[in-house]
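Visitor: I have just opened this one and have never looked at it before. Could you walk me through it while I ask things as they come up?

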Amino acid sequence: MTAIAPSLPALRDAFGDAVERVAVSCGDTIVYLRRDRVHDALAWLKQTPGQEFDYLTDVTAVEYRDPERPLEVVWQVRSLGRKVDLRVKVALDTAEPLEVPSVYDLWKGADWLEREVYDMFGVVFTGHPDLRRIIMWETYAEGYPLRKDFPLRGHFSRAEQTRQALAANPEAHYSLDELSIAEAFHELPKDVRERLRRGDRGFLR
Amino acid sequence: MPAGADPGAVTAISSISPNWVTTRLDLLTNWARANSLWPMPFGTACCAIEYMATAASRFDIARFGMERQSFSPRQADVLICAGRLPFKLAPVIRRIWDQMPQPKWSISMGACASSGGIFDNYAMVQGIDTIIPVDVYVPGCPPRPEGLLYGIRLLQKKIQGESIVDDSLRDEHLVGPSGLFLPAERVDELSEPFGNSVSQTRSG
């Protein structure tokens, strides 16, 4: 129940003092890593035989009520084959620029997860190919809503919020060009490309 | 008249089925409008579930002339906002409202659409009447189908009191030069905080 995940000794061997702290909570192992090594460590966890954490369950962040506590970015990874989970965290000082490396190159699914953390907490994922807001609209100017210093009702008056919302063009960033399948054609899986070439639409086998 | 027919019978028939009636034009148009409202459902939350129940067989808004759900705003008469409206959807509902042809009406269904409800936060419009004009507010969280039906009946009653010569009823209420549908002070006043948010300071 309270056992530390078996991956830990190997992770310590590989990364030494980049492993700052290890905690066990409700049976889950939490590894605190140094920011500059977190990308290497996650790549190692994904690619090393015997580890194979091939599935990124979630990327999120936690800010605590106590201002002196750091903001934590959390990666929850899972090995689908071995059926084990691991939680990796990086503590960021909120007084400094919030930056962590993106893991988009390891898991494509990190794309929207990292955009959400950026949108809500203002954490910048360096190396992300398209880091922009995903939940709030892109011209949203009030800040990062899940930060503790963000007032519940936002920074602007209701009239200003309404004015800015009405001024937004809902189609500005979701144009047909952007959503065009022709543009994304070369990124589609091969079998889908074959079906589209034949003009065979929406037929599921 | 065919030969041999009784002239008295023809008189009797024409007196019980006249080919014309006299009425007030307002009465006729309002009767037609009120009883053939085509709803444009704008369902964003749990109110939309109650709206679906209202439209389904047990409550059946088809009884009130709403047989056709108009999922295209250009063929709709009444916009029913069923659910909370985030700021991100404000320009969308505004555009849908602008696309609806006159005469048009709107129903704000539920506490959140009418006032923001429990969502007194950064993301939510505090009442859709800051975005579009509203004819009937239906309270409830969510309102039961009976509540929505009562609101629809109220709207029908309102329509029956309208006059086709009164152009002010058909004002478009377009967004003004300030970019707002209502004056800024009215929006702030309408969305005054209540409950737990009263003590929250606003930073500017």
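Visitor: Which strands does helix α3 of chain A lie across?

Guide: In this model, which is a predicted one, helix α3 of chain A, residues 110-121, lies across β3 and β4 of chain A, and the helix runs at about 5° to β3(A).

Visitor: And what does helix α2 of chain A lie across?

Guide: Helix α2, residues 38-47 of chain A, lies across β2, β4 (71-79) and β5 (84-92) of that chain, with a direction at about 175° to β5(A).

Visitor: In what order do the strands of chain A come in the sheet?

Guide: The open sheet of chain A has 5 strands, and reading across them gives β1-β2-β5-β4-β3, with pairing that is mixed. On average, neighbouring strands in this sheet are turned by 20° against each other, with direction ignored.

Visitor: Why is one side of β1 and of β3 in chain A left without a neighbour in the sheet?

Guide: Both β1 (19-25) and β3 (55-62) of chain A stand at the edges and have a single partner strand each, so each has one side with no neighbour in the sheet.

Visitor: How many bridges join β1(A) to β2?

Guide: There are 6 bridges joining β1(A) to strand β2, residues 28-33 of chain A, and the two run antiparallel.

Visitor: While we are on loops, where is A:Thr48?

Guide: A:Thr48 belongs to the loop between α2 and β3 of chain A, and its side chain reaches the backbone oxygen of A:Trp44 at 2.5 Å. A:Thr48 and A:Lys89 are 41 residues apart along the chain, and their C-alpha atoms are separated by 19 Å.

Visitor: Switching over to chain B, what is the order of strands in its open sheet?

Guide: In chain B an open sheet of 4 strands has the order β1-β2-β3-β4, and the pairing is parallel. Because β1 (39-43) and β4 (136-138) of chain B stand at the edges with a single partner strand each, one side of each is left without a neighbour in the sheet. Neighbouring strands of this sheet are turned by 15° against each other on average, direction ignored.

Visitor: How many bridges does β1(B) have with β2?

Guide: β1(B) pairs in the parallel sense with strand β2, residues 78-82 of chain B, over 5 bridges, and B:Gly43 has B:Ala82 as its bridge partner in β2(B).

Visitor: Which helix packs on that sheet of chain B?

Guide: Helix α6 of chain B, residues 145-160, packs on the sheet and touches β2, β3 (105-109) and β4 of chain B, while its direction makes about 155° with that of β3(B).

Visitor: Last topic, then: how many residues of the two chains are in contact?

Guide: The contact involves 29 residues of chain B and 27 residues of chain A, and together the chains bury about 2,400 Å², of which 58% is on carbon and sulfur atoms.

Visitor: What about salt bridges across the interface, how many are found?

Guide: The rule finds 1 salt bridge across the interface of chain B and chain A. B:Asp120 forms a salt bridge with A:Arg158, where the closest N and O atoms are 3.2 Å apart, and the chains also have 7 residue pairs in polar contact between them.

Visitor: Which helices supply the side of chain B that touches chain A?

Guide: α4 (90-99) and α7 (184-190) of chain B each supply at least two residues of that side, and α4(B) gives the largest share, 5 residues. By residue kind, the side of chain B that touches chain A divides into 13 nonpolar, 10 polar and 6 charged.

How values were computed. Residues numbered from 1 in each chain as written. Chains lettered and ligands numbered in written order. Predicted model: local features only at pLDDT ≥ 70, side-chain atom pairs only at ≥ 80, totals over all residues. Heavy atoms only, no water. Contact = heavy atoms within 4.5 Å. Buried area = accessible area lost by both parts, 1.4 Å probe. Salt bridge = Lys/Arg side-chain N within 4 Å of Asp/Glu carboxyl O. Polar contact = N/O pair within 3.5 Å; in protein donor to acceptor, adjacent residues only side chain to side chain. Nonpolar A, V, L, I, M, F, W, Y, C, P; charged D, E, K, R; others polar. Pairing = 2+ DSSP bridges. Axes fitted to C-alpha atoms, helices over the stretch in contact; angles between N-to-C directions.
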